[in-house]
Structures are given as structure tokens and as C-alpha cells.
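Hi everyone, thanks for coming. I'd like to walk you through one protein chain today, starting from a single residue and then stepping back. Here it is on the screen.

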Amino acid sequence: MMRFDLSDLTLFRHVVEAGSITHGAARANLALAAASTRIRAMETSLGAALLTRTRLGVTPTPAGRALLAHARGLIAAIERMQGELSAFSGGTVGQIRVLANTNALTEFLPDALAAYLAKNPGVSVEIDEHTSDEIVGLVADGQADLGILSGTVDTGDLETFPFRQDRFVLVAARGHALAGRGAVAFAEVLAHDLVGLDRASALTRFLADKAARVGRPMRLRVQLRGFDAVCRLVDARVGVGIVPESMARRVARGLDIAVVPLIEPWATRALTLCLRSYEGLPTFAQEFVTHLRDGCDA
């Protein structure tokens, strides 16, 4: 008889989502040997392999995919139960997994998170940065509760709600050839040295894709960890940068830089919340989504 407990199912979900028993064990706060033993015991109990193991990691077998779907459903149901019952004990306890693109992560989430977490001390929020296209697949696959992405991306059958609006702009030092323009095309920007975020960031990967589409490479002279640092180096005439307008207007007041609109349709950023099912979320996660939506309406 199969005997899988909640810890087994949680571990298995972590292992599949991480693509590695080692990393899955770390997420579950287990030693590698203990995690491997548990997975083997699950396979013995089932009488079938749950994972295909290679030197590059692990992937679920057909049986593993079936188990993963049930595990996610059961874990979500338990989280909903805990959220609803915790109200009777004076607080909510749980974790919300969020995926966000660079713009949402750096410009809009910090303030929204601070206000929510201050009122909900029993809730933790785990955030990872991805491109908008990646977020759709990961949320649909159950690897996150909520995604925040560009409104231009096809979200398929996911539920969506408006979040914020912004756009990407060029920042250039006063006196630069592009600084006095009323607007500029991305192809023209690519003729100049760029100051950008590190190559692993969602925005840099997004812009690299757009550059490839117009057949020109990005001349990234330096990669940094934040938009404020990008603007400071633009002010020092290291190169030009592409950043969210909300941040550019705020930072430009203290620097000698110009903010120039990009004429590309993709530069306008209507940010959207996406999730599999609002009703399927635990109560505390529903409250988080409502909090983000209220901020949009404010």
C-alpha cells in the first residue's frame, strides 16, 4: 500500500521544480542522503520509478508527473485550510510564491510588499525574477502562486488582473547625441554603448531578444545590479541605459541626465497579475492579490 505523507509530497514537489535532488533537498531543509532515501522509499512503495536521473539532474517520469499534479493539489488544499483556520488563532501562517519581471520587482513590489507584510506577520513571500514569457509557463505549471508580467504577453487560460502601468525609456547624459531627442528608436540606441543590468536579469534577456530581432548586438559596456546604479553610470557618461520611466523620473532629479521615450510598442508596460485560480488560493494569498489590486485602483 502506498504511504505518502505531506512531507514526502512537499519534498517531491521541490525536487521536480528544482530539477535536482540536491537542490530540492535544500529547499525542503533536508540532508541530501535523507531526501534520496525518502524518494527511493516512495518509488518502492509505488512500485514504479518517479524520477529519471541523469548527470544533469532529474525529470519526472509519467508516474512522477501524475504524482506531482496530485501533490500540488493536496498541498494547495492544505494551505487553504491552514489559512482559513488560522483566523481563529489570531493570525495567518503561510508562504506565497511570486514570480515577477524586472520592472515589477524593482519598482512596484517593494512598497506593496512592505505594506502587506507589516499587517501579516505570519506570512512569508518568496520572489523570483523571470521574463514575462517564462512566468506564464511557470505559473500555469504550478511552480508559483502568482505572476506579475507584461500585459502584452498571452496568458492563455490563467486568470488575470491589472496591476500597474509604466514604460521603458532611454536615459542619457546631458549633451549626449540622443539626449535632446523627443523620442528614439531602439535600433538607434543599439549604436551606442549601454549600461545595463547583469546578463541574468529578466530585462537584459528581454532587451537582448529585441536586439536580435533587429539584427544588432547589445554593446553592454558594464552590467550592474540595480537601476539606480545604471543611472549613476549614465550620469558619469559611461553609456546610455534603458530603465522604467517611474524610476528614471525619480532619479533624474538628482542627476544630470535626460529621459527620452522609446517609440517601440513594447516599451509601454501595462503590468498584469496572473494566477491559475483566485478561488483556489489560500485565504492569505487571496488577501495578498486583493492588496495588490487595491494598490492599482488607488
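Let's begin with Arg 13, which sits in helix H1, residues 6–18; helices here are DSSP runs of H or I with at least four residues, strands are E runs of at least two, and both are numbered from the N terminus. Before going on, a word on the source: this is a predicted model, where local features need pLDDT of at least 70, side-chain atom pairs count only at pLDDT 80 or more, and totals for chains, interfaces and linings use all residues. Residues are numbered from 1 along each chain as its sequence is written, and side-chain values use heavy atoms, leaving out hydrogens and water.

Is Arg 13 buried or exposed? Arg 13 is buried, meaning under 20% relative accessible area with a 1.4 Å probe, protein chains only. Beyond its neighbours within four places in sequence, Arg 13 contacts Leu 68, Arg 72, Ile 75 and Arg 97, with contact meaning heavy atoms within 4.5 Å.

Now the wider view. The protein chain has 11 helices and 11 strands, and 47% of its 298 residues count as buried. Its C-alpha trace spans about 75 × 45 × 35 Å along the principal axes. Among contacts with a separation of 6 or more, 73% join residues 24 or more positions apart.

Technical notes. Buried < 20%, exposed > 50% of the residue type's maximum accessible area, 1.4 Å probe, protein only. Lys, Arg positive; Asp, Glu negative; His and termini not counted. Salt bridge = Lys/Arg side-chain N within 4 Å of Asp/Glu carboxyl O.
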